[in-house]
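Open your viewer, keep the sequence panel to hand, and let's walk through this model together. At each stop you will get something to select and a short note on what is there.

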Amino acid sequence: MSVSSGRTRGERGTRRGATRTTALVLPLLLSALTLTACGSGDDAGGSADGKIEGDISFQTWNLRANYKDYFEGLAAEFEKQNPGVHVKWLDQPAENYADKLSADAAGGTLPDVVNVSPDLSYPLAKAGMIMSLDKEPAAAKFKADYTPEAWKGNELPGLEGSYAFPWYLNTGPLFYNKTLFQQAGLDPAKPPKTYDELFTAANTIAVKSGGKTATLAGTPSIEDFGRYGVPLMNADATKFTYNDAKGTELLTKYLELFKNGGLDSQALTSGPDAVGQKFLQQKVAMNPGSAHDLGTFKQNAPDLYKNLGITDAPNNTGHPNMYVMGMAVNSHSKHKAAAVALAHFLTDKQNQESFAHKVAIFPSTAGSLDQPYWTQDDGTDEGRIRVASARLLKGAVNYTPVVMTDEMKTILKNEVAKALQGKKSPQQALDDAVGQSDKLLKQS
């Protein structure tokens, strides 16, 4: 991996099958809506400021297996507070989740409230299928209940407002091996905070170890370009721009790192598991991780565990990376008032904090992360990671553009590999990556 903070293993497994391409979903949605004459305004369906009543549904994303009782309890509690409402809870598996949303939206069967990430919100919002919360007073009044970062994280390029009530957040710290830093003459109490510091430390470690120890084991992802300070897209998200001078500078530095041994020699082919194993074997000095990894280190690499540092992933912007989940409201719901009320209920402070005590995630509600559970280390591995990660979320942003599909990420990865192999210059590699991705954008 690069220095990007990855999702936890649980979340990667839960969401892996759902990150299908916006480029494919959007034209299908738009054409279907045209054929069925569904329209695209938020004025469709019932009134959001009307009476909270009616039969409504909400849909989560691959959560029934582990949290059935929790969500059934939420539905029952909402019905108790709102006697005129009946709630049906739906849950869809991770595999093909985006396709399911698209089919439901086009067929007029989209649930009243749906669990989405910003990349899944985008085609639905562009097709007019989910509500702009800022445009709807009944929803906008709850904006102050959430952190500004979380609310902004559900805003979409080229569209006005936020399109989902912020639900949970995630991020991840960066592990580093204090012993390897110390052996290279670096202060283990001062891990690199910026990319310049990172590259300097990596070159030092490579030289002092005689090329035996790399600092990183993965090539740069789009998140790295974002944290480096590279503008990733134009304002309306119609063109990628990470091939500018600053983007080329970053890739050039990675190329130098690769040649000097600061980037592992197998970085072009290693997957996350192989990278994690190298860190476990103390052949790589830094790697993203989670509380699950701490348990593995404690059992299988006690020397590493005793000398393990936890820090933020370096950035030049002052803003760490975060992942955002939300609850969107169907703009064509027949019972908008009940749908808005339910979406807010599911994501209010009490329920977010309750869920975040059950799962390794973080609440997006204002003031929640200031509580002791997220600020005071309780001495457990989970506590160490929880406190370190919660600290990162203040001021964090979602760097990955919502229109960037898995195919576009693969294109970037492949072109970066060509630059590191010397097959293309960094500038040409990024120009080609941007060109291919822009072509895909135009097809959407």
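Throughout this tour, two residues are in contact, or touch, when heavy atoms lie within 4.5 Å. You are looking at a predicted model, in which local features need pLDDT of at least 70, side-chain atom pairs count only at pLDDT 80 or more, and totals for chains, interfaces and linings use all residues. Residues are numbered from 1 along each chain as its sequence is written, and side-chain values use heavy atoms, with hydrogens and water left out.

**Stop 1: the whole chain**

Start with the protein chain in cartoon view. Of the 444 residues, 56% count as buried, where buried means under 20% relative accessible area, exposed over 50% and partly exposed in between (1.4 Å probe, protein chains only). Among contacts with a separation of 6 or more, 77% come from residues 24 or more positions apart.

**Stop 2: colour by confidence**

Now colour by pLDDT, the predictor's confidence in each residue, from 0 to 100. The chain has a mean of 89, and 90% of its residues reach 70 or more.

**Stop 3**

Two packed helices are described by the angle between their axes and the distance between the axes. Here the axes are lines fitted to C-alpha atoms, for helices over the stretch in contact, and angles run from 0 to 180 degrees between N-to-C directions.

Select helix α11 (residues 245-260) and helix α19 (residues 406-420): their axes come within 9 Å and cross at roughly 55°. The two are therefore oblique to each other; angles under 35 degrees count as roughly parallel, over 145 as roughly antiparallel, 65 to 115 as roughly perpendicular and the rest as oblique. Show side chains for L251, Y254, L255 and F258 of α11 and for V416, A419 and L420 of α19, which make the contact. By class, these are seven nonpolar, no polar and no charged residues. (Ala, Val, Leu, Ile, Met, Phe, Trp, Tyr, Cys and Pro count as nonpolar, Asp, Glu, Lys and Arg as charged, and the others, Gly among them, as polar.)

While you are in α19, click K413. K413 is partly exposed, with a relative accessible area of 40%. Its C-alpha atom is 10.0 Å from that of A429, 16 residues apart along the chain.

**Stop 3: α13 against α18**

Move on to helix α13 (residues 291-300) and helix α18 (residues 381-392), which pack at an angle of about 140° with their axes 8 Å apart. That angle makes α13 oblique to α18. The contact involves A291, L294, G295 and K298 from α13, and D381, E382, R384 and I385 from α18. This contact has three nonpolar, one polar and four charged residues.

Stay in α18 and pick G383. Is G383 buried or exposed? At 0% relative accessibility, G383 counts as buried. Leaving out residues up to four places away in sequence, G383 touches D377 and D378. Draw a distance from its C-alpha atom to that of Y373, ten residues apart along the chain, and the value is 8.2 Å.

**Stop 5**

Select helix α12 (residues 272-280), where V275, K278, F279 and L280 are buried. Their cover includes β5 (174-177), β6 (286-288), α13, α14 (302-306) and β7 (308-311). Just after α12, Q282 has a positive phi of about 60°.

Next comes helix α4 (residues 97-107), whose buried residues are Y97, A98, L101, S102, D104, A105 and A106. Just after α4, G108 takes a positive phi of about 75°.

**Stop 4: a buried loop residue**

Finish at N321, in the loop between β7 and β8 (323-329). With 2% relative accessibility, N321 counts as buried. Select Y399 as well: N321 and Y399 are 78 residues apart in sequence, yet 6.2 Å apart in space, C-alpha to C-alpha.

Key:
Helices (H or I, at least four residues) and strands (E, at least two) are DSSP runs, numbered from the N terminus.
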